Amino acid sequence: MHKIGDNLTGVNHRIQGAALHALRDPSSIRLLAVSKTRSADEIRQAYKEGQRRFGENYLQEALDKQSHLIDLPLEWHFIGPIQSNKTRAIAEHFDWVHSVDRLRIARRLNDQRPEEKGPLQICLQMNVDNEASKSGVVVAELEELALAVTELTQLRLRGLMAIPAPRTDPAAQQRVFQSVASALEHLRGRYTHRKEAQIPPLDTLSMGMSNDLEAAIAAGATIVRVGTDIFGPRQPRTGI
Ligand SMILES: *Cc1c(COP(=O)(O)O)cnc(C)c1O
């Protein structure tokens, strides 16, 4: 019963330690608890321990859990691959989407976002291991996508997300994360000639998971997405 609480404490300590090591303010890094395959009860336990932000990969599973947790003031982040027939529900039921990698999906999210909810917070998913992963925008196409997304008024472009292939060497992990940070920096430079009101915040680097959050924080992560080290090893998904 206390396990999730202990795990959360442990992960928050790791974040603080990594921040201090990198001479960063620990409060500039937010923990996203990745709750895919976990139950609504486990999310509720994490909430009782102070956790507010949760990340989900599978729409139907997420909607089921959300319906059991409507009494809690949670912030929901969609972090999985997005099929176009799922955009409406994602636009209606989430606060953030980290996994936008094409304009067609961005346009649908924009058009389907209920006005009263205000803009949906968006990260563009970057493909940092070109051949290993099919999702994510390649760096050569990032700028064009970012500039187009900026024009969509129901979306607010916050930054970049990446899921690098697993690496064990911390220096190698950090190099990949550094390339994402550089891409964001480069993108910021593309907006300098604009009026303040037309510049997206670009304040977010969503990167780092259970095994590499220290390297991600050293490279500038502002959101780390942690599942296993909070909730324990995942069970295989059963046909959703
Ligand atoms: C599952 C998942 C995570 C969490 O990974 P852990 O290794 O369990 O911490 C983070 N980000 C994404 C996109 C995921 O799918």
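Two residues are in contact when heavy atoms of theirs lie within 4.5 Å. The exercises below use this term on a predicted model.

**Exercise 1. Describe the overall build of the protein chain, and state what percentage of its contacts between residues at least 6 apart in sequence join residues at least 24 apart.**

Solution. 
- Start with the elements: the protein chain holds 9 helices and 8 strands.
- Next take the extent. The C-alpha atoms fill a box of roughly 55 × 40 × 35 Å along the principal axes.
- Then the contacts. Of those between residues at least 6 apart in sequence, 59% join residues at least 24 apart.
- Finish with the surface: buried residues make up 50% of the 240 residues, and the chain exposes about 12000 Å², of which carbon and sulfur atoms supply 50%.

**Exercise 2. Find the buried residues of helix H3 and the elements against which they pack.**

Solution. 
- Helix H3 covers residues 59-68, and its buried residues are Leu59, Glu61, Ala62, Leu63, Lys65 and Gln66.
- These residues pack against two helices, H2 (40-48) and H4 (87-93).
- They also pack against two strands, E2 (53-56) and E3 (75-78).

**Exercise 3. How many aromatic pairs does a search of the whole structure find, and which parts of the chain do Phe54 and Trp76 tie together?**

Solution. 
- The search gives 2 aromatic pairs.
- In one of them, Phe54 and Trp76 sit 6.1 Å apart centre to centre, with 45° between the planes, and the pair is tilted.
- Phe54 belongs to strand E2 and Trp76 to strand E3, so this pair ties together parts 22 residues apart in sequence.
- Both Phe54 and Trp76 are buried.
- Phe78 and Phe94 also form an aromatic pair, with 5.3 Å centre to centre and 85° between the planes; the cut-off for edge-to-face is over 60 degrees, and this pair is edge-to-face.
- Phe78 lies in strand E3 and Phe94 in the loop between H4 and strand E4 (96-100), 16 residues apart.
- Phe78 and Phe94 are buried too.

**Exercise 4. Which residues are around the ligand, and what percentage of its area does the protein bury?**

Solution. 
- The residues around the ligand include Val34, Asn57, Ile79, Ile163, Met209 and Thr228.
- Lys36 places a polar side-chain atom 2.6 Å from an oxygen atom of the ligand.
- An N or O atom in the side chain of Arg225 is 2.8 Å from a nitrogen atom of the ligand.
- For Arg234, an N or O side-chain atom lies 2.7 Å from a ligand oxygen atom.
- Taken alone the ligand exposes 390 Å², and the protein buries 90% of that.

**Exercise 5. Is Gln173 buried or exposed, and where is Gln198 found?**

Solution. 
- Gln173 has its place in helix H7 (residues 170-189).
- Its relative accessible area is 9%. The cut-off for buried is under 20%, so Gln173 is buried.
- Neighbours within four places in sequence aside, Gln173 is in contact with Arg167, Thr168, Asn211, Asp212 and Ala215.
- Gln198 is found in the loop between H7 and strand E7 (204-206).
- With a relative accessible area of 43%, Gln198 is partly exposed.
- Leaving aside neighbours within four places in sequence, Gln198 is in contact with Thr150 and Tyr191.

Methods. Residues are numbered from 1 along each chain as its sequence is written. This is a predicted model: local features need pLDDT of at least 70, side-chain atom pairs count only at pLDDT 80 or more; totals for chains, interfaces and linings use all residues. Side-chain values use heavy atoms; hydrogens and water are left out. Buried means under 20% relative accessible area, exposed over 50%, partly exposed in between (1.4 Å probe, protein chains only). Helices (H or I, at least four residues) and strands (E, at least two) are DSSP runs, numbered from the N terminus. Rings of Phe, Tyr and Trp (its six-membered ring) pair if their centres lie within 6.5 Å; planes under 30 degrees apart count as stacked, over 60 as edge-to-face and the rest as tilted. A residue is near a molecule or strand if one of its heavy atoms lies within 4 Å of it. A polar contact is a pair of N or O atoms within 3.5 Å; within protein, one must be able to donate a hydrogen and the other to accept it, and residues adjacent in sequence count only if both atoms are side-chain atoms. Accessible areas come from the Shrake-Rupley method with a 1.4 Å probe; for residues, only the protein chains shown count as cover.
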